Amino acid sequence: MVGDSLTNLSTRIYEKNVPDSDKFVHLGQLRRGHACIDWTLRGAVAIPDSLTFIANGKTYPIAIVAFHAFYRCVGLTEVTLPPTVKMVGHEAFYGCADLERVNLSGGLLMLDERAFVGCSSLREVTLPCRVPPHGSVNAFDLSTYEKCTLVVPHGCASVFRNAEPWNRFVRIVETEDEGVMPADLDYAKWEEAMNFMNGFLEDEQWHIPQRVEGDETWTVVLPTNRGAQQVTFSTRKEFDMAVVGSGMADGCCIDTTFAGRLTLPDSVTAPDGRRYVVGGVASNAFSRCRRMQVVDLPRHLELIDNYAFLDCGALQQLVIPADMKEILSSAFIGCKSLDRVETLAQRPPDLFVDAFDDRTFNTATLIVPDGAMEAYMATDAWPLFKYRMESVGY
């Protein structure tokens, strides 16, 4: 596969059943924020139609572009999928900001949610199949539907104008090419595969919620160096834990004018009388707490959600607990004073490549546990920290 240079593909074989006929290859690792290629790749990419696995010497068609397969490959300008691809998964091309042209598969049957969200430069999508694939209405941004041209086979424009989500494209044009009929129209089979991918993703993601909106919300009064403060917590009973914040947009868990240091408890008592370990920081939990300088996170924290610390401009240092497993997109965007990030986790948490600002990656010091540097540097996002210093152990 070629962009400006040769690059490796990360793939897996999904085995529906034992027979080889039911095996197929999907691109990607089914991990949040982990692209199947070097995400710094630049230029155009054409995916091959099959791969031969060294382990068994057998060749399999590439059938699925899976979850986050090309996540935030911001230098990617054009991608061409082979006719063997039947499904493009959830957020497969999320955040490919320079992507201008997409040549979809003639055999495409399924287009999952948010597959091309964040592709702000997208101007042309070519779909050579005569049967409109099933797709989510939010597979593309609204601006893409308005500005991008959908190119379909000769005589098929009217069919696409009557099928979701393709009828949302303002401009649909036909080529002289007659297009192709998908060889496999077994939608149930590929829907099953899509459900399998989503289920596998949930299993792979540490058995914690991808988002942490609470079941029940209440406030706890905590002592701080600036007096007593009310902090919002929520129960997440399905996962037997509590989270900081409500998970709602603009749902900051504390007075946004709070200044200084806040120490969060390891566990809290809910209104039902049960004691819950604090396992997550919800979306927007500390958004725009622009005067908060330090936050001591709970010992058993596993997840920091999207925008959890959005625009905490005075936040200077961060210590990530040993149990941390996942830090999602934009968690620390706008934390312009952050100059030291220390992680106590021996196993690198799953970090989205846009969890921190480029300024933080370029100027903040990253400190990892003794002996863990190699593991951190083998991930996609942790090596983005320019300044790294291995600790002496804990």
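Let's start at C312, which is buried, its relative accessible area being 0%. Buried here stands for under 20% relative accessible area, exposed for over 50%, and partly exposed for what falls in between, with a 1.4 Å probe and protein chains only. Before I go on, a word on the source: this is a predicted model, where local features need pLDDT of at least 70, side-chain atom pairs count only at pLDDT 80 or more, and totals for chains, interfaces and linings use all residues. Residues are numbered from 1 along each chain as its sequence is written, and side-chain values use heavy atoms, with hydrogens and water left out.

C312 is in no disulfide, and its nearest cysteine sulfur belongs to C335, 5.0 Å away. C129 is in no disulfide either, with the sulfur of C156 as its nearest, 8.5 Å away. Is C129 buried or exposed? C129 counts as buried, because its relative accessibility is 0%.

Now to the charged side chains. Side chains of opposite charge can pair when their charged atoms come close. The model holds 10 salt bridges, a salt bridge being a side-chain nitrogen of Lys or Arg within 4 Å of a carboxyl oxygen of Asp or Glu.

One of them joins R261 and D296, at 2.9 Å from N to O. This pair links distant parts of the chain, as R261 sits in strand β17 (residues 260–263) and D296 in strand β20 (residues 292–296), 35 residues apart. For the labels, helices (H or I, at least four residues) and strands (E, at least two) are DSSP runs, numbered from the N terminus. R261 is partly exposed at 40%, and D296 is partly exposed at 22%.

Another bridge is between E302 and K325, 3.6 Å from N to O. E302 is in the loop between β20 and β21 (303–304), and K325 is in the loop between β22 (317–320) and β23 (326–327), so the pair ties together parts that are 23 residues apart in sequence. Both ends count as partly exposed, E302 with 22% and K325 with 21%.

E100 also pairs with R101, their closest N and O atoms being 3.7 Å apart. E100 is partly exposed at 36%, and R101 is partly exposed at 40%. There is a network too: salt bridges link R288, R290 and D311.

On a 1 Å grid over the protein atoms alone, a cavity is a set of points where a 1.4 Å probe fits but cannot get out; a pocket is an open set with protein on both sides within 12 Å along at least five of seven lines; and lining residues have an atom within 4 Å of a point. Grid points are joined across faces, edges and corners, and a volume is the space filled by probe spheres set on the points.

There are 2 cavities of 30 Å³ or more, and the largest cavity has about 60 Å³ of space. Which residues lie nearest its centre? Of the 11 lining residues, those are F67, G89, H90, M197 and N198. Helix α3 (residues 187–204) gives the most to this lining, with 4 residues.

The second largest pocket holds about 190 Å³. It is lined by 12 residues, and R72, V353, F356, D358 and F361 are the closest to its centre.

Key. A disulfide is a pair of cysteine sulfur atoms within 2.5 Å.
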